[in-house]
Amino acid sequence: LAIEAGTGPCAQCLGFSNLVALHWIRGEHDHAAEWGRRWIRAQPDGASAWASLAWTYSYMQRPDSALPLMQRALSLSGGDTWASQEYTRMLLVGRRYDAADSVIAAMEASPSPGRREIAADLRALLERERGRVESANRVIESMMRSFPAAAGFGTMMRAGNLRMLGSHQEAARLFESGAHSPGERLSLPVPPASARAFCWHHALAADALAPLGDTVRLAAYADTLQRGCRDSFYGRDWRLYHHVRGLIAMRGGRHEEAEREFRQAVWSAAEGWARTIVELADAQLALGRPRDAIATLRAGYATRLDAMGRYVPISELDYRMARAFAQAGENDSLRVYAGHVRRAWRDADPEIRRLLASLP
């Protein structure tokens, strides 16, 4: 009916996109694909419809099906910035690093400041996929100088990278620096309008500190998140404290409890917080259930490497998958994922390359 009306907002886009997204959240990718195809039949010239179906196949780890669909979306958009960005993200998720490099280089040469800013973000993601985390942070720092409005976002990305390099205290400090506005005084529970930043930044800080083993401090974070985030507008925030309680249980060797907590922290089957996914898989490996860990890790690939999905690179997921397949005795799959990792990390930072020694 909206299509027949011919004017006004794109109600059909909103309707189809929300139906597809609902199935993504539930992990019902076959149903999402069905609605994506219906959207294309209704709007064959709509770039968003093709992009939606493309991401559905990408979430199913079918890049050979996803990328041609995203190329169609890019063509229909006339090379629009959003479509170029989505295509590049899909190349990264599909491990097409050389192709992603070429697209990013073209965006970096653009006269459009907005396009160059996005290119800097994508360049940092590409460097991180290749295990060059220090280089990724240099790209982010350059982006923050060139585009001051990106400072808050850039700080979060730098903090996540520092956590990967083992600078846990500095990562936590940077995460907490964006938890609220300077001079803002908050009480618990945090007012809904302020809760999004407060809850997310404190959860990220706790996650960064967890490897140091200070469970007393982690318990304080968990209590704060549980009490402070219950009025947030974001349902994700209501569950974040379970992630931190899972981290505490893991440090105490209580792996069954950790698994229960991490399961309760999961908000979405697609585009979720990948750090919860990998910690849940670690708990399952510790319980001697590698096939459950493999199934869990697959959800981590349902990402655009954006928003909550930024905090674990695809190459790290591949590393974890290789170890899980090794524990399961699935040597063919082990070789495939180990091969992905070795190709991605052949020029990685020393901190990352050291992990290659533990690959079977």
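This report describes the pockets, cavities, disulfide and nonpolar cores of a predicted model.

## The largest pocket

Four helices each contribute at least two residues to the lining of the largest pocket: α2 (11–26), α10 (151–164), α12 (192–209) and α14 (235–251). Helix α12 provides the largest share of that lining, with 4 residues.

## The second largest pocket

A volume of about 430 Å³ is found for the second largest pocket. It is lined by 24 residues, of which R163, M164, E316, R320 and L355 are the closest to its centre. The lining of the second largest pocket is made up of 10 nonpolar, 4 polar and 10 charged residues.

At least two lining residues of the second largest pocket come from each of α10, α14, α16 (274–286), α18 (314–328) and α20 (350–353). The largest share, 4 residues, is supplied by α18.

## Enclosed cavities

The model contains 4 cavities of 30 Å³ or more. The largest cavity holds about 170 Å³ of space. Among the 21 residues that line the largest cavity, S268, G272, W273, A274 and I277 are the closest to its centre. Helices α14 and α16 each give at least two residues to this lining, and α16 gives the most, with 3 residues. The lining of the largest cavity divides into 13 nonpolar, 6 polar and 2 charged residues.

The second largest cavity has a volume of about 60 Å³. Its lining consists of D121, A124, L125, R128, A136, I140, M157, N161 and R310. In terms of class, these residues are 5 nonpolar, 1 polar and 3 charged. Helices α8 (113–129), α9 (133–146) and α10 each supply at least two residues to the lining of the second largest cavity, and α8 accounts for the largest share, 4 residues.

## The disulfide

The structure has 1 disulfide. The bond joins C199 to C229, with an S to S distance of 2.2 Å. Because the torsion about the S-S bond of C199 and C229 is about -120 degrees, the disulfide is left-handed. C199 belongs to helix α12, whereas C229 sits in the loop between α13 (215–228) and α14, so the pair ties together parts that are 30 residues apart in sequence.

Both partners fall below the 20% limit of relative accessible area that marks a buried residue. C199 has a relative accessible area of 0% and is therefore buried. C229 is likewise buried, at 1% relative accessibility.

With a relative accessibility of 11%, H242 counts as buried. Apart from neighbours within four places in sequence, H242 is in contact with E261, F262, Q264 and A265.

In soluble globular proteins, nonpolar side chains tend to be buried together. In this model the largest nonpolar core has 69 residues, and M70 and W345 have the most contacts inside it. Helix α4 (residues 47–59) provides the largest share of this core, 9 residues. When residues up to four places away in sequence are not counted, M70 touches A51, A54, W55, E86, Y87 and M90.

A second, separate core has 48 residues, including A136, L240, L247 and A258. A136 is also one of the residues that line the second largest cavity.

Methods
Residues are numbered from 1 along each chain as its sequence is written. This is a predicted model: local features need pLDDT of at least 70, side-chain atom pairs count only at pLDDT 80 or more; totals for chains, interfaces and linings use all residues. Side-chain values use heavy atoms; hydrogens and water are left out. On a 1 Å grid over the protein atoms alone, a cavity is a set of points where a 1.4 Å probe fits but cannot get out, and a pocket is an open set with protein on both sides within 12 Å along at least five of seven lines; lining residues have an atom within 4 Å of a point. Grid points are joined across faces, edges and corners, and a volume is the space filled by probe spheres set on the points. Ala, Val, Leu, Ile, Met, Phe, Trp, Tyr, Cys and Pro count as nonpolar, Asp, Glu, Lys and Arg as charged, and the others, Gly among them, as polar. A disulfide is a pair of cysteine sulfur atoms within 2.5 Å. Buried means under 20% relative accessible area, exposed over 50%, partly exposed in between (1.4 Å probe, protein chains only). Contact means heavy atoms within 4.5 Å. A nonpolar core is a set of buried Ala, Val, Leu, Ile, Met, Phe, Trp, Tyr and Cys residues joined through side-chain atoms within 4.5 Å.
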